[in-house]
Amino acid sequence: MPGERLSVRSMSDVGRFPGAAPPTRVQLTIHKEEKKPEEAGCKRWFKKMCPCCFKRQSSTSYDVTDKVELVKPPTPAPITPEPEKLKTEKVEMKEMDEFKLSVCSVDLLSSQTDPNRKEHHTDLFHGDELIIRRGQTFQIQVELNRPYCADTDKLHLELKTGGLPLVSKGTHVIIPLVDDLEDECWEAKIVEQTENKIKLSVNSPASAVVGLYGVSVVTSSLKGNSPTTYNSPKHIVMLFNPWCEEDTVFLDDEDERKEYVLNDTGRIYYGTEKQIGARTWNFGQFHEGMLEACLFILEKSDMPPSGRGDPVNVVRVISAMINAQDDHGVLVGNWSGDYSDGVSPAAWSSSVEILKKYHSSYGTPVCYGQCWVFSGVTTTVLRCLGIPARSVTNFQSAHDTDVSLTTDVYFDENLEPIDYLNKDSVWNFHVWNDCWMARPDLPPGNGGWQAVDSTPQETSQGTFRCGPASINAIRTGHVYLKHDTPFVFAEVNSDKIYWQRNLDGTFSQIYSEKKAVGHFISTKAVGSDERADITHLYKHQEGSEEERIAVETASRYGSKPDVYSAPSAEDVSVEVKMAGEGPRMGADAQLTIVVKNLSTKPRQTTLHSQVAVMYYTGVLKGTIKKEQMSVELQPNEEKTIDWVLPYQQYQNQLVDQAALMLTLSGRVNETQQVLANQTTFRLRTPDLTITPLGEAVVGKEMAAKITFTNPLPKTLKDVVFRVEGLGLQKGHVVVVGDVGGLATVTLTEHFIPTQPGLKKLVASLDCKQLTQVHGVADIVVLEQ
């Protein structure tokens, strides 16, 4: 064909006369030089591997005659290599293999007792993978087929993570050998060489992608021979590093690192602001299988591996993946009260069983969770990955549904609540998480603690997740900063606005309650089991000028920017008080209503009261008692009114958390001032009493007695205890059965401690009629 190129082979066929019929064969007769002495094997190998160093002699050394003979091709005979020649080639190949550098084995020095694990604070993890933290050097040992020679050999490491590792994405890392290590880059240096073994010190940048890496060692020659790759059968797990100053999750307080990264147990708070309860939670981030489960969650998300170097991205993905609302995440939320096809949220005391179930089922969501369970599991996952985290409880936590940054309560013309409009709610308590990180994506000053919430409430960019939101941005009302800052601001510092419907169907603002939400924001204290109040981190002091400025600043970015107008005069107040720790389950609930006249003139009002059973999320199940009372006040007078809810009226109406809401409303006849107050309270449940029996020694059997008294005058059906203690015994279920009214049941647990130190034995009671019953005992285990 025109323009077709002739290959070397086709040109040899054509010969000297293009266009002529090809001859049978063209034979060149060559007079060779005298035979030279045979070359040594190594010289022959170098001659083959590097022909540029052994150039062929000039063509003048060959005598090519002009004689061209046409002869028929002889019948080819089978080629049988001469024995001596075959032997020589085998020797050459053997010499080449022995000379070429290759890897025999790689030791990642990954056991729990190796310096790598101890220096990287990962020695508490189970397993024999190399678990390291980014931005910090680690060591590995390589065994070669011969001593390494820097003058003639080349060696480098390769790490790969994700399904499609790419150098450009940071998921395929090529680590060269250097003479001196520098910070903030992937490099390796030989720090020790003994015969065929070399020890490498490897450095990683503090922005490295976290996750599971495959490890390869590639060897070749400086002369450019084809490289040889050795793939290690073991892997490297890279985590965030709160100990590294260059890492964005760096936390500079060692006690806080021990608490928020290394502590595998904690306290989660619940109840109401006047009756704060606490329960121990086993985070168990170092428990066997937990690291694999956490990495599985990352793999199961749609997050590309290249994004796993940024803790903001990782936290946002974890927030979405802990709930199963729209991405088949870890936990199914259930607030119905019916948990017959799963486990009651109140029965969990640990993240371990939940994450194990999710991982072992290849991502089948676990039933069921509520906010404290979502928070506990989130704490586990973040601490496991190396992000400092804690569970945080907000009492009187608002749920803003219309982005107004206010909590709105609507009344009709007769001051009766309009239920279908009252979509905003105030939860008795809500548990979310704080995580610690710098925020280079935000203006300076917004790093530090960030709020993240895995409980599915509202969508964020189409997915049920929340945060990370800068707590400092929340405190100052800078709700325009990402992520989901307006929602968290409303939870902790929105005003409760009361609206009344006018005769023409419009609504007028009749009252503004400025201290309605965001009380006693709590987390476990560093280094102890005490409760730490961190409300001051989320907002300025209530009523201060700074706090009012923050509220009004935030409101400008909401859906009702003009809600704040000149306040009306107020000279009558109403308040609800509670004696002691408050009402107990099984007894009449008694509260006190205090009405004060702060003016020098008489005042008269009619107070309407109604009490409703409430889910702890703020959703009302139904009203169980309504009444009204007329109150007449003399100048500067204060009146106290006793309010009682008999046990018989609530005994069959309660839902999870045994929570109730008392709503008071009224209007002062003389001034038309509106009085409004909403108070939530819970009926306190008893604790499980756990008493250790005998001395606690590793490997020696001991016992603990668990005691429970039914506070109700009726029988509890199908009572189950759940018992677990990290380092003491595995979590298991004890079926107790029915427990009679006011009866006491005692259970004795026998177990063998496996780890020394301070351990916690945790137990909880699971029962349809009674929830949030649990207990904990500290047990100091001695070495054998």
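By class, the largest cavity is lined by 2 nonpolar, 3 polar and 5 charged residues. Here Asp, Glu, Lys and Arg count as charged; Ala, Val, Leu, Ile, Met, Phe, Trp, Tyr, Cys and Pro as nonpolar; the others, Gly among them, as polar.

Some ground rules. This is a predicted model, where local features need pLDDT of at least 70, side-chain atom pairs count only at pLDDT 80 or more, and totals for chains, interfaces and linings use all residues. Residues are numbered from 1 along each chain as its sequence is written, and side-chain values use heavy atoms, with hydrogens and water left out.

Back to the cavity. On a 1 Å grid over the protein atoms alone, a cavity is a set of points where a 1.4 Å probe fits but cannot get out; a pocket is an open set with protein on both sides within 12 Å along at least five of seven lines; lining residues have an atom within 4 Å of a point. The structure holds 1 cavity of 30 Å³ or more. The largest has about 70 Å³ of space, volume being the space filled by probe spheres set on the points, which are joined across faces, edges and corners. Its lining includes Glu259, Arg267 and Lys524. Helix 5 and strand 14 (265-272) are among the elements that each supply at least two lining residues. Helices (H or I, at least four residues) and strands (E, at least two) are DSSP runs, numbered from the N terminus.

Now the largest pocket. It holds about 1,200 Å³ of space. Of its 47 lining residues, those closest to the centre are Asp264, Leu726, Gly727, Gln755 and Lys759. Helix 5 (254-262) supplies at least two residues here too.
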